[in-house]
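Please keep the model open beside the text while reading.

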Amino acid sequence: MVDPNIQALFRPKSIAVIGASEKPGKIGYAVMKNLVEYGYEGKIYPVNVKGVEIKVGNRVFKSYKSILDVPDKVDMAVIVVPAKFVPQVVEECGQKGVKVLPIISSGFGELGPEGKRVEEQLVETARKYSMRILGPNIFGVVYTPDKLNATFGPTDVMPGNLALISQSGALGIALMGWTILEKVGLSAVVSIGNKSDIDDADLLEFFKEDGNTKAILIYMEGVKDGRRFLETAKNVSKAKPIVIIKAGRSERGAKAAASHTGSLAGSDRIYDAAFKQSGIIRAYTIGEAFDYARALSNLPEPEGENLVILTNGGGIGVMATDAAEESGLHLYDDLNELKVFSNYMPPFGSYKNPVDLTGMAGAEGYEGAVREALRNPNMHSIAVLYCQTAVLDPRDLADIVIREYKESGRKKPLVVAIVGGIEAKEAIDRLNEEGIPAYPEPDRAIKALAALYKWGNWKAKQEKE
């Protein structure tokens with residue numbers, strides 16, 4: 001059962017912004033602006049000690065000098081005041097009956113023992129009133145299904161099926177911007193900061209039950225209750241995949257993590273082993289993490305091991321084959337069935353897997369080959385590769401793949417790699433907007449597919465045990 005106070009973090013009926021500002025450029029203004037511009041449909045109550053009017057776009061808000069002056073119930077209070085005022089504000093929120101407090105303010109556990117003691121006092125106060133705290137030292141929270149953007153990050157987050165949890169505020173904001181650029185759809189973004197109260201395990205429990213989330217990506221520097229996190233992660237991994245970028249791998253990096261958010265980073269080898277036992281897929285770079293997450297949050301699980309690679313270039317076909325072998329993927333090799341692809345290539349093409357449709361492959365060749373692969377029950381997953389040529393505009397190929405995949409019912413995992421120029425980038429964006437994982441390099445597409453297989457194989461093993 002998910003804590004109802006954590007439910008209120010993502011689906012609040014009303015929000016107070018304590019420290020709301022009338023001045024553009026201030027964090028208290030940015031949070032108000034994002035709530036309004038992203039389309040939040042609940043009630044918004046700005047709290048400002050001066051009681052000033054706050055104008056956001058065409059809307060003018062009356063502000064209250066204290067949360068206690070707000071006439072209605074408040075589910076969530078976003079706290080943006082300086083650290084020295086936060087204890088009083090938390091006490092008043094408790095008296096008001098607020099359920100959850102994202103504390104954006106910094107200057108607590110990350111500063112050392114004194115700040116840590118204040119942080120612990122905030123949690124004690126919250127517990128006295130049965131409230132939950134997110135943070136402090138965060139940039140906020142986003143939940144796209146309810147048009148909630150209570151952050152000072154980018155406004156135009158693209159809705160999707162991936163939940164992003166970040167322990168780093170600045171990196172989390174940057175990653176939000178990156179997902180917009182790369183057409184990665186998100187169900188949620190949570191800045192978790194110092195983890196004084198709500199931690200990764202709490203959020204995993206919510207996302208496991210959340211019908212709008214299909215995969216979870218975490219940027220992590222350390223955990224405070226390792227046993228609980230790993231038990232929760234193992235339980236969640238049986239239902240939904242988890243990808244983690246674990247920073248602080250080196251000794252010096254671990255020290256930097258400790259000073260950043262006050263986290264205990266611990267031995268990287270222990271994390272590595274624990275992640276594997278819990279079904280967590282580890283990524284070592286941001287690009288790798290999102291490559292994996294893009295496939296895991298959009299594709300169905302494969303029903304078998306047979307991968308078919310369709311390509312118009314021998315070079316990218318060989319690169320994809322290398323990546324498949326390195327990743328432990330099985331290329332389908334029944335020539336009697338693969339021979340069907342000879343109908344969509346010139347005589348000098350090769351229907352051996354990888355299937356080389358040749359550089360002469362146009363719309364009809366790709367359309368027929370993709371359709372055959374999608375409808376053959378012995379071909380369990382598909383990689384469509386394309387080197388940009390004058391014969392076929394990459395955007396037309398994207399339209400073909402989108403149409404054929406939709407008509408097939410999206411029952412098999414399918415990834416795409418298109419190597420080329422501006423038109424190739426536009427085609428990749430078009431595919432990703434439709435939830436079909438597409439990449440600018442063949443090995444990235446194959447490794448993303450391999451992550452899906454890795455998770456599926458781990459899950460199947462758990463079901464047998």
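The numbered points below cover a sheet, one of its strands, a helix and the cysteines.

1. Basis of the note. This is a predicted model, in which local features need pLDDT of at least 70 and side-chain atom pairs count only at pLDDT 80 or more, while totals for chains, interfaces and linings use all residues. Residues are numbered from 1 along each chain as its sequence is written, and side-chain values use heavy atoms, with hydrogens and water left out.

2. The sheet. Seven strands form an open sheet with mixed pairing, in the order E9-E8-E11-E10-E12-E13-E14. Strands E9 (148–151) and E14 (281–283) stand at its edges; each has a single partner strand, so one side of each lacks a neighbour in the sheet. On average, neighbouring strands are turned by 20 degrees against each other, direction ignored. Angles run from 0 to 180 degrees between N-to-C directions, and axes are lines fitted to C-alpha atoms. Helices (H or I, at least four residues) and strands (E, at least two) are DSSP runs, numbered from the N terminus; two strands pair if DSSP finds at least two bridges between them.

3. Strand E13 and its partners. Strand E12 (residues 215–220) runs parallel to E13, and five bridges join them; Met-220 stands opposite Lys-246 in E13. Strand E13 (residues 242–246) also pairs with E14 in the parallel sense, over three bridges, and Ile-245 stands opposite Ala-283 in E14. E12, helix H7 (residues 226–237) and E13 make a right-handed β-α-β unit (right-handed: with the strands pointing away from the viewer, the path from the first strand over the helix to the second runs clockwise).

4. Burial of E13. Which residues lie on each side of E13? Ile-242, Ile-244 and Lys-246 are on one side, Val-243 and Ile-245 on the other, and all are buried. Buried means under 20% relative accessible area, exposed over 50%, and partly exposed in between (1.4 Å probe, protein chains only). In a regular strand the side chains alternate between the two faces of the sheet.

5. Helix H6. Seven of the 10 residues of H6 (residues 200–209) are buried, so this helix is largely enclosed by the rest of the structure. Among the buried residues are Leu-203, Leu-204, Phe-206 and Phe-207. At the start of H6, a side-chain oxygen of Asp-199 reaches to within 3.2 Å of the backbone nitrogen of Ala-201.

6. Cysteines. A search of the whole structure finds zero disulfides (a disulfide is a pair of cysteine sulfur atoms within 2.5 Å). Cys-93 counts as buried at 0% relative accessibility, whereas Cys-387, at 24%, counts as partly exposed.

Terms used
A polar contact is a pair of N or O atoms within 3.5 Å; within protein, one must be able to donate a hydrogen and the other to accept it, and residues adjacent in sequence count only if both atoms are side-chain atoms.
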